[in-house]
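Here are some notes on the structure shown below. They are meant to be read beside the model, one point at a time.

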Amino acid sequence: MKDLNKYRNIGIFAHVDAGKTTTTERILKLTGKIHKTGEVHDGEATTDFMDQEQERGITIQSAATSCEWDKHRLNIIDTPGHVDFTIEVYRSLKVLDGGVGVFCGSGGVEPQSETNWRYANDSEVARIIFVNKLDRVGADFYRVVQQVEDVLGAKPLVMTLPIGVEDDFKGVVDLLTQKAWIWSSPDNPESYEITDIPEDLQAKAAEWREKLIETAVEQDDDLLEAYLEGNEPSVEDLKRCIRKGTINLDFFPTYCGSAFKNKGIQNVLNAVVDFLPSPTEVKPQPEIDLEGNETGGVATVDPDKPLRALAFKIMDDRYGALTFTRIYSGKLKKGDNVLNTFTGKTERIGRIVEMHANSRAELESAQAGDIVALLGMKNTRTGHTLADVNNPATLEPMVFPDPVISIAISPKDKAGTEKMGVALNKMVQEDPSFQVATDEDSGETLIKGMGELHLDIKVDILKRTHGVDVEMGKPQVAYRETITQLVEDSYTHKKQSGGSGQYGKIDYRVEPAEKNAGYEFESLVTGGNVPREYWGAIEKAFESCMQEGTLAGYPLLDVKFTLLDGAFHAVDSSALAFEIATRAAYRQTVPKAGPQLLEPIMKVDVFTPEDNVGDVIGDLNRRRGMIKSQDAGPTGVRVKADAPLADMFGYIGHLRTLTSGRGQFSMEFSHYAPCPQNVADEVIKEARERKENK
C-alpha cells in the first residue's frame with residue numbers, strides 16, 4: 001500500500017520565458033531522474049519533446065513526469081506559458097494539489113502570470129513562489145515580492161533572501177534555519193556549502209525573519225500568545241504553521257534563485273515536501289449528477305472507496321491515444337471495466353503507464369492520488385469522469401472558452417483530404433480549445449482557436465506529425481450578434497392539406513437579456529391557450545435559431561424570449577407546428593429588434609523599451625485600442641489596453657519593427673462589444689457576398 005502522505009502532485013506554471021521548463025530540468029537532475037540537463041535554448045529540454053517546442057523554445061503542451069525527493073514522490077506537470085495555450089494550464093491545475101509559480105527576477109509579475117494565478121485561485125490550489133533568474137540584468141527580488149502583493153493581491157511569505165544580485169548572485173539566506181547556502185559552481189547544483197549569514201545581510205535577514213514568524217504564528221493561537229510573551233517558536237513549530245497557512249491559501253512561501261545557474265532549487269524542493277499538501281490534505285472533489293447539480297457526495301482520496309477518476313488530457317503519440325487521468329478515489333487495474341459517466345458506456349483499461357515526458361513505464365495498477373496515462377480508451381474525452389460500474393458518480397467537469405479566431409484550410413492535393421480529416425479529429429480530442437467546422441456557405445474546412453500562434457502551431461503539427469500539407473486562408477474573427485430593442489409580436493402557422501393539418505399561434509416578446517446571460521426563456525401563458533407540452537418545443541426552436549443571426553449569420557447572444565399567449569387546435573396542433581411557428585417568428589421579429597454586430601475585444605499587454613512607448617501607444621490607438629494603464633519598470637514600460645481582435649492580426653511583426661525587436665506582447669479574450677457602424681457594414685457586406693457566391 002502506498003503512503004499517500006508522501007505524495008505531492010504539483011504543477012509548474014508561469015509567464016512565457018520565466019524559466020518553468022529550465023526549473024523542471026534542474027529538479028529532474030537533482031532528484032536523479034535524468035543525468036544530463038537539457039537546455040530549452042538548445043531544444044533539448046526533457047519536457048519540451050515536440051519539434052515545435054524545441055524549435056521555438058516554448059512549451060506548447062503540458063508534460064507529466066515524476067521523481068523522488070527526501071523519500072517523497074513528486075508527480076510534476078510542466079505547463080506552457082504562452083497565452084494561446086492557457087487551456088493546458090487550466091486543465092493541469094484542475095487536477096493538481098499544489099503548484100510552483102515561477103516569476104522572472106527582472107520581468108516580475110507578467111501578464112500570463114496573472115492569468116495562471118487566477119486559474120490557480122479558481123481551482124484553490126496551494127502554491128509556493130519561486131523568483132527565478134536573479135542572475136539577470138535588472139533582477140530585483142524585493143520588487144517582484146511587492147508586485148505579487150500589488151498585482152496579484154496575494155500575500156508572499158518570504159522564506160529566502162538573495163546573496164548578491166545579477167552577476168554577483170551567489171546563493172540564498174534561508175530565513176527559517178538562519179543559514180546561508182552558497183553555490184560555488186554554476187554547473188553543479190550540489191556544489192554548495194551551508195554557512196553563517198554574511199555580515200552585510202544579517203540586519204536584513206533579522207528583519208524579514210521577524211515578518212516570517214509573525215505571519216506564521218497567526219496559524220496557532222498558543223504559539224502566537226507565547227511569541228507575544230517573548231518566546232520564539234522552534235523551527236518545527238514554524239514549519240507546521242507555514243504548512244497550515246499554505247494549504248489554507250493564507251500566504252505563499254516565496255523563494256529565490258537562478259534555475260539556469262543551479263542555485264536555489266534544493267530550497268524549492270524542500271518547500272514542496274514541507275509545505276505543499278499531499279492528496280489527502282486537499283478539499284475532496286464534489287460529486288455532481290448528470291444535470292450538473294452537486295449531490296452532496298465527495299470523492300474522498302482513499303484507495304478503498306469506489307473509483308472516481310478525471311480524464312484531463314488526451315495525447316496522441318506513436319503508441320496510440322493516451323488518456324491522462326487523475327485518480328481521486330479507488331483503484332485501477334489493467335483489464336478493469338470502468339464506466340464513463342458522460343457517455344454512459346463502459347470502457348476497458350488496456351494498459352496503465354507512468355509518464356516521463358514522452359517515455360513511459362508500464363504499471364499493473366494505480367490508486368487514489370496517482371496521475372497516470374491510460375491506453376485503450378475509445379470514447380473518453382477531456383473532462384470525462386471514469387467511475388466504478390456498480391457505484392457511479394460524476395466529478396465537476398471542465399469548462400473551456402469558445403475560440404475567437406478561425407482560418408479556412410484545404411489540403412494541397414486531393415489525396416490529403418481524408419488524411420486531414422483523420423488528423424484533425426485526433427487534434428480536436430487532444431485540445432478542447434481547438435475546434436473544426438465546415439463553412440456551410442463555401443464548404444471549406446475551418447479551424448478555430450485561441451489566437452494566431454495557436455492555429456499556426458496546429459497547421460505545423462498537421463504538416464509534420466500527420467504529413468498533411470495545407471493551404472491557409474485569411475484569419476477570420478468570431479463575431480457575434482445581439483438585439484438592442486424590445487419587440488412584442490405574434491405569429492400564426494396554419495397549413496391545411498387534406499386530412500389533419502398543422503396549427504400553432506404564439507404571442508411573444510423578444511428583448512435584450514442581461515450581459516453574458518446567453519438565452520433566457522419564460523412562459524406567461526395561463527389558461528392552457530398554449531398547452532404546457534408545447535413549451536419545450538418553442539423554447540428549443542428559438543434557441544436553435546440563435547445559432548444564426550439575421551445580420552451576418554453569426555450566433556446571437558443575450559436574448560430573452562417570453563411566451564405571452566397563443567392558441568392551439570385540438571386536432572391540428574403539435575410540437576412540430578409550434579416549432580415551425582417559432583422559427584418563422586424568429587425570422588420575422590429579430591430584424592425589428594435593433595440587431596447589432598458584436599466583436600471580440602482582447603486584453604492586450606505590451607512590454608516596450610521606454611524610447612518606443614509613444615510609437616507603441618500611437619499604433620494601438622490606430623488599431624482602435626483603448627489604453628488602460630502604463631507601468632514603468634527597470635527594463636521598460638508595460639502598456640495595458642483593450643483592442644478589437646480584427647485589428648490585431650500580425651501585430652507581433654509590427655511591434656518588433658517599432659521596437660527594434662525588443663518589444664513583447666500577450667493577448668487574451670476579454671469580452672464582446674458593439675462594432676462601430678463602418679466595421680459592421682463591411683462585415684455584413686462580406687457575409688452577404690459569401691452567401692450569394694455559394
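Predicted model: local features only at pLDDT ≥ 70, side-chain atom pairs only at ≥ 80, totals over all residues.

1. The crossing of the two helices is right-handed.

2. Which residues of H14 and H15 meet? On the H14 side they are Asp 615, Val 616, Asp 619 and Leu 620, and on the H15 side Tyr 651, His 654, Leu 655 and Leu 658. By type, the residues of this contact are 5 nonpolar, 1 polar and 2 charged.

3. Strands E13, E12 and E24 form an open sheet in the order E13-E12-E24, with antiparallel pairing. Strand E13 (294-299) and strand E24 (394-395) are at the edges and have a single partner strand each, so one side of each has no neighbour in the sheet. As background, strands of a sheet pair through backbone hydrogen bonds, either parallel or antiparallel. Strand E12 (residues 285-288) is joined to E24 by 2 bridges in the antiparallel sense. Across this pair, Glu 287 is opposite Leu 395 in E24.

4. Tyr 328 belongs to strand E15 (residues 320-329). Is Tyr 328 buried or exposed? The cut-off for buried is under 20% relative accessible area; Tyr 328 has 5%, so it is buried. Among the residues in contact with Tyr 328, leaving aside neighbours within four places in sequence, are Lys 94, Val 95, Gln 285, Ala 299, Asp 302, Arg 308, Ala 368 and Leu 395. One of these contacts shows how sequence and space can part ways: Ala 368 is 40 residues from Tyr 328 in sequence, yet the two C-alpha atoms are 4.9 Å apart.

5. Strand E36 (residues 637-644) has 7 of its 8 residues buried, so it is largely enclosed by the rest of the structure. Strand E34 (residues 595-608) runs antiparallel to E36 and is joined to it by 8 bridges; within this pair, Val 606 has Val 639 of E36 as its bridge partner. Strand E35 (residues 626-632) also runs antiparallel to E36, with 6 bridges between them. Here Ile 627 is opposite Ala 641 in E36.

6. Of its 5 residues, 4 are buried, so E9 is largely enclosed by the rest of the structure. Strand E8 (residues 171-174) pairs with E9 in the antiparallel sense over 4 bridges, and Gly 171 has Ile 182 in E9 as its bridge partner. E8 and E9 make a hairpin with 4 residues between them, and Gln 178 in the turn has a positive phi of about 55 degrees.

7. E9 has a further antiparallel partner, strand E10 (residues 192-195), to which it is joined by 4 bridges. In this pairing the bridge partner of Ala 180 is Thr 195 in E10.

Definitions and conventions:
Residues numbered from 1 in each chain as written. Heavy atoms only, no water. Pairing = 2+ DSSP bridges. Left-handed = near helix turned anticlockwise from the far one by under 90°. Contact = heavy atoms within 4.5 Å. Nonpolar A, V, L, I, M, F, W, Y, C, P; charged D, E, K, R; others polar. Buried < 20%, exposed > 50% of the residue type's maximum accessible area, 1.4 Å probe, protein only.
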